[in-house]
Amino acid sequence: MINAKKKKLLIIDSEQNCKELCNILNGAYDISVTQNIREVTEILEGQKDCTDALLINPDMQEELCAAVNIINSSARLSSIPILLLVSENASEEQLKFLGSSAVDCISKPYNGNVIANRIENAIILKDSLTFYRIEEMLKQLPSNIYLKDNEGRYVFATKYWHHLKKPADDPTPDD
């Protein structure tokens, strides 16, 4: 059995506020909690410590804006999704980052499976957007580039590989 590496979450909130959430997610994630924007910068910009998702209390406006600026200014960090930790009765002010910088929000009552699914979906969403940008760049290259999945099936090919056909393929007039 392969020992899967835990994904890393960075939570920007007080430890007291997110204690329940940390207890629920602790088994599935490696969690760091901070309120200090200097620590946030060091964690996000550190080459050795990759953060998979960022959870932020939107009431911490200064820290939220700083984290968004750090993530948006770096191509390496652009795939980190931001999720908001909001109260049960979230105000419009708390939700103003949703859709622009934040991809989802989490509120009480906390359910471990639901929260883990929301975090994983946010990570997958950001990863697919990042891959889409890479795919668009690869399509522009005048090179023969292809990608295969684990079963040896072609999942991507530049236009220079489209002329390759297997004997079972039907001929098309454009080829």
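The structure is a predicted model, and the protein contains five helices and seven strands. From the N terminus on, these elements follow the order β-α-β-α-β-α-β-α-β-α-β-β. Of the 175 residues in the protein, 34% are buried, and among contacts with a separation of 6 or more, 49% join residues 24 or more positions apart.

**Nonpolar cores**

- The largest nonpolar core has 21 residues, and the members that touch the most other members are Leu44, Leu54 and Ile82.
- Two or more residues of this core come from each of strand 1 (7-12), helix 2 (37-45), strand 3 (53-56), helix 3 (61-72) and strand 4 (82-86), with helix 3 giving the largest share, five residues.
- Once residues up to four places away in sequence are set aside, Leu44 touches Leu10, Thr51, Ala67, Ile70, Ile71, Arg76, Leu77 and Ile80.

- By residue class, the lining of the second largest pocket divides into four nonpolar, four polar and four charged residues.

**Asp104**

- Asp104 belongs to strand 5, which covers residues 104-107, and Asp104 counts as buried because its relative accessibility is 17%, which falls under the 20% cut-off.
- The side chain of Asp104 makes a polar contact with the side chain of Arg118 at 2.8 Å.
- When neighbours within four places in sequence are left aside, the residues in contact with Asp104 are Ile82, Leu83, Leu84, Leu98 and Arg118, and Ile82 is also one of the residues that touch the most other members in the largest nonpolar core.

**Asn111**

- Asn111 lies in the loop between strand 5 and helix 5 (112-140), where its relative accessibility of 40% places Asn111 in the partly exposed class.
- The side chain of Asn111 reaches the backbone nitrogen of Asn113, with a distance of 3.0 Å for this pair.
- Although Asn111 and Leu21 are 90 residues apart in sequence, their C-alpha atoms are 9.0 Å apart in space.

**Phe156**

- Phe156 sits in strand 7, which covers residues 154-157, and Phe156 is classed as buried because its relative accessible area is 5%, a value under the 20% cut-off.
- Not counting residues up to four places away in sequence, Phe156 touches Glu135, Leu138, Lys139, Ile145, Tyr146 and Leu147.

Technical notes:
Residues are numbered from 1 along each chain as its sequence is written. This is a predicted model: local features need pLDDT of at least 70, side-chain atom pairs count only at pLDDT 80 or more; totals for chains, interfaces and linings use all residues. Side-chain values use heavy atoms; hydrogens and water are left out. A nonpolar core is a set of buried Ala, Val, Leu, Ile, Met, Phe, Trp, Tyr and Cys residues joined through side-chain atoms within 4.5 Å. Buried means under 20% relative accessible area, exposed over 50%, partly exposed in between (1.4 Å probe, protein chains only). Helices (H or I, at least four residues) and strands (E, at least two) are DSSP runs, numbered from the N terminus. Contact means heavy atoms within 4.5 Å. Ala, Val, Leu, Ile, Met, Phe, Trp, Tyr, Cys and Pro count as nonpolar, Asp, Glu, Lys and Arg as charged, and the others, Gly among them, as polar. A polar contact is a pair of N or O atoms within 3.5 Å; within protein, one must be able to donate a hydrogen and the other to accept it, and residues adjacent in sequence count only if both atoms are side-chain atoms.
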